[in-house]
Amino acid sequence: MVDVTPADAVPPAEVGEVELYHPHSWWTKYVFSQDAKVIAVQYSATATAIGLVALVLSWLMRLQLGFPGTFDFITPEAYYQFITMHGMIMVIYLLTALFLGGFGNYLIPLMVGARDMVFPYVNMLSYWIYLLAVLVLVSSFFAPGGPTGAGWTLYPPQAIMSGTPGGQDWGIILMLSSLILFIVGFTMGGLNYVVTVLQGRTRGMTLMRLPLTVWGIFTATVMALLAFPALFVACVMMLLDRVLGTSFFMPAIVEMGEQLQHNGGSPILFQHLFWFFGHPEVYIVALPAFGIVSDLISTHARKNIFGYRMMVWAIIAIGALSFVVWAHHMYVSGMNPYFGFFFATTTLIIAVPTAIKVYNWVLTLWRGDIHLTIPMLFALAFIVTFVNGGLTGLFLGNVVVDVPLSDTMFVVAHFHMVMGVAPILVIFGAIYHWYPKVTGRMLDETLGRFHFWVTFVGAYLIFFPMHYLGLMGVPRRYAELTDMTIMTESARHLNSFISIMAFIVGFAQMVFLFNLIWSIRHGREAGGNPWRATTLEWQTPQTPPAHGNFGKELPIVYRWAYDYSVPGAKEDCIPQNVPGDFAPSREPA
Amino acid sequence: MAVVLVLVLIVVGSVLFHLLSPWWWTPIASNWDYIDNTIIISFWITGIVFAAVVLFMAYCVFRFRHREGNRAAYEPENKRLESWLMIVTAFGVTALLVPGLFVWSRFVTVPGDATAIEVVAQQWQWSFRLPGKDGKLGTSDTRDVTADNPLGVAPKDPNGQDDVLVQAADLHLPVGKPVKVLLRSIDVLHDFYIPEFRAKMDMIPGSVTYFWFTPTRTGTFQVLCAELCGQGHPLMHGVVVVDTEQDYLAWLGQQQTFAQLSAPQQSGSAKQPPGKIMASNLGVAANSKLSRSAQ
């Protein structure tokens, strides 16, 4: 414990004062800004905007599934385009960009006590390349043939063949180009986040005093820097196959009675590359959520996070293990079946550090002083949905159980619960928590509670019953479920119910958006530290923090991020930059 | 406080839904009830964990909610408790993994007496090939696919001449006999999936994949494609009929061999029932529509 809470020692992590580029005009202040906080807002706004497109796409596909045959414009081609764009946007352009580009940019410099990211100019470039990637992606909606309908996994050969929407048109080319751009942009940002955490910390901010939010984002960024290159080469190779006619992923193929010119390529090689990226990607989204939710629970339960060191090591263990589990997405892909033994074992092992995180969140609530604020409500909802989705992961990770369930609605329900709903609930909680710091005003409480209840209960009602459709054998990625003998009449009704819930939950997000915009001017004034939190971002001289974050002097850190309700202290929170020893805050007996 | 009630309701509701709802797996028709049993074990273990965690959380929120004058306890860590929880979790995970891997080893070990049959997928229909009197399937290659040889059976291979071809029609299998299903595709990824058999496996152009099962009851079962294969994917149904030995032999007697089908007077796919031809033509039509919209 001693290295967690020494209140006196200030290790000499000397940080030289950096020359910041100060804006000279409106353009360099708000548009081409090098301030990480402005870049964070730009990232978040762009991600939210493209996320709204993905939300509408999910409505369209639920219209088709819930009320088949009613909407003529949703042809199978269109349906596959909707699911592909929905999946890719949500995973990459919304979740990854929002957690790392949005929360990472805003919180890392503030939480580690830095004036800005270490490479502000590259940081700015990162955003503009991300924006370009988004625009290229959006342009595919207007390209001849429309966007690609290959599924977000883009499996070749079908992804670049004419039987798939966009396969022989512009769709797949634009998708691959956009991903390549995204990875280039992300790498610029990612290097920044990693170097800032390692080199930009203020005096006294040792690694084991970092808030878990920073640990989560930092580890996720390191993982992303290692995982995205696999996707990058896969995209480049597929682009070559499609444009120049190479055969990286293309074996000999007869399409509609005609021999194609390809020969000798391996479709399964693409799957290995894709999932070598794709599985860590799940944790690239999950780890920042883990970190953030730890801080939300601790702050709003007025109690230190339980087992901080174990939480840090669990994050690192999950990050490392997630690189040796990728082929659990490929149990029925036709790879050598003996791989199944290895990947099932590694996959189930990862459940242990993950379970420890869950226990520690719940044990943080134990004997806490739980304020049921909106961020706390979202954190509780996160635990429910994450536990639910994590446990169904034990079905799908256990190789033989995956055989009947793979490629069914069970999988759809599982990954939406665990990496859709759960991280997004954390994002909402985080926005209610940090919005006062970003804008200086609180979000509206009544609208917030309405948003919470509809989103949480609605999302659970969408995805919990969906598992049972998968158990029946209903396959995923079916544009129509007609003529299917296993689909009973009651299962069709269940599908309609799920669709209706999806529209309701989607509507609640409009209320949230309204709240975001309305509260900028009309929200209650927040003050500098409305939640009475310990971490450095709440200790800035101005709210919202000015460029450079901390005024003349950088803060000096004397303690870990979780000195809540320290026995003997007057207040129930001691900020990290407050010196002085409170004897009992050391190792409790 | 509403949140406490909702948390309890989520647990109770989920358990009741699991027990009472009409949505459950289809009656099994293969030897893979082992898999069903592993799923049941998984439901028990994960169900108990889910209920325990959420109910405990509900209790915490109820018991330790903020009231005037409350103050949280200060307990940074508790090594004993953390170690115990880790051990219990590792035990639970092992209880899931061991039976899972045990059943998986059965799944990947094909019994010696299994009859090899072949399923060939293409956008968007199923064809089948059964070994002839010699009990062997001839070799095949996508490069050998022509209008007269749609499955790409090697024309020179003597083992292939007596293979029985079932092109775009129903497959029949005898009940109680283990089959090793060899899976092939001539265009994109597909996946041969029959919910009642529990098993499925992708087919990859350029490779031959496989799985095995024993049909345990007679009946007619629908084949679904379970790997996205283009816009005809949801229409790519097929039929497998599990027969008694007698019915199976009667059906087999009516089928034609590769040699018969590739004899010059019987060119083309005259044996295809009209409905199936329509299904594949539908794909072609959809394709030409796509390329038109591209121009």
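In this predicted model, chain B is divided into domain 1, spanning residues 2-64 and 79-108, and domain 2, spanning residues 115-263. The centres of domain 1 of chain B and domain 2 of chain B, taken over C-alpha atoms, lie 38 Å apart. Contact between the domains involves eight residues of domain 1 of chain B and 13 residues of domain 2 of chain B. On the side of domain 1 of chain B that touches domain 2 of chain B, five residues are nonpolar and three are polar. No charged residue occurs on that side of domain 1.

Chain B contains seven helices and 11 strands. Of its 295 residues, 40% are buried. Contacts in chain B between residues at least 6 apart in sequence were also examined by separation. Of these contacts, 71% join residues at least 24 apart.

Strand β1 of chain B covers residues 115-122 and pairs with strand β5 of chain B, residues 179-185. These two strands run parallel and are joined by seven bridges. Within this pairing, E118(B) has L182(B) in β5(B) as its bridge partner. β1(B) is also joined to strand β2 of chain B, residues 125-130. Here the strands run antiparallel, with five bridges between them. Q122(B) is bridged to Q125(B) in β2(B). β1(B) and β2(B) form a hairpin, with two residues between the strands.

Chain A contains 15 helices and two strands. Its radius of gyration is 24 Å, close to the 25 Å that the globule rule gives for 589 residues, so chain A is as compact as a globular protein of that length. The C-alpha trace of chain A spans about 80 × 50 × 50 Å along its principal axes. Buried residues account for 63% of the 589 residues of chain A. Among contacts in chain A between residues at least 6 apart in sequence, 80% join residues at least 24 apart.

Confidence was examined for chain A. The mean pLDDT of chain A is 93. A value of 70 or more is reached by 95% of the residues of chain A. Where pLDDT is low, predicted coordinates should not be read in detail.

Key
Residues numbered from 1 in each chain as written. Chains lettered and ligands numbered in written order. Predicted model: local features only at pLDDT ≥ 70, side-chain atom pairs only at ≥ 80, totals over all residues. Helix = DSSP H or I, 4+ residues; strand = E, 2+ residues; numbered from the N terminus. Buried ≥ 20, exposed ≤ 12 C-beta atoms within 10 Å, placed from the backbone. Contact = placed C-beta atoms within 7 Å. Domains from an automatic or database assignment. Nonpolar A, V, L, I, M, F, W, Y, C, P; charged D, E, K, R; others polar. pLDDT = per-residue confidence, 0-100. Pairing = 2+ DSSP bridges. Rg over C-alpha atoms; globule rule 2.2 N^0.38 Å.
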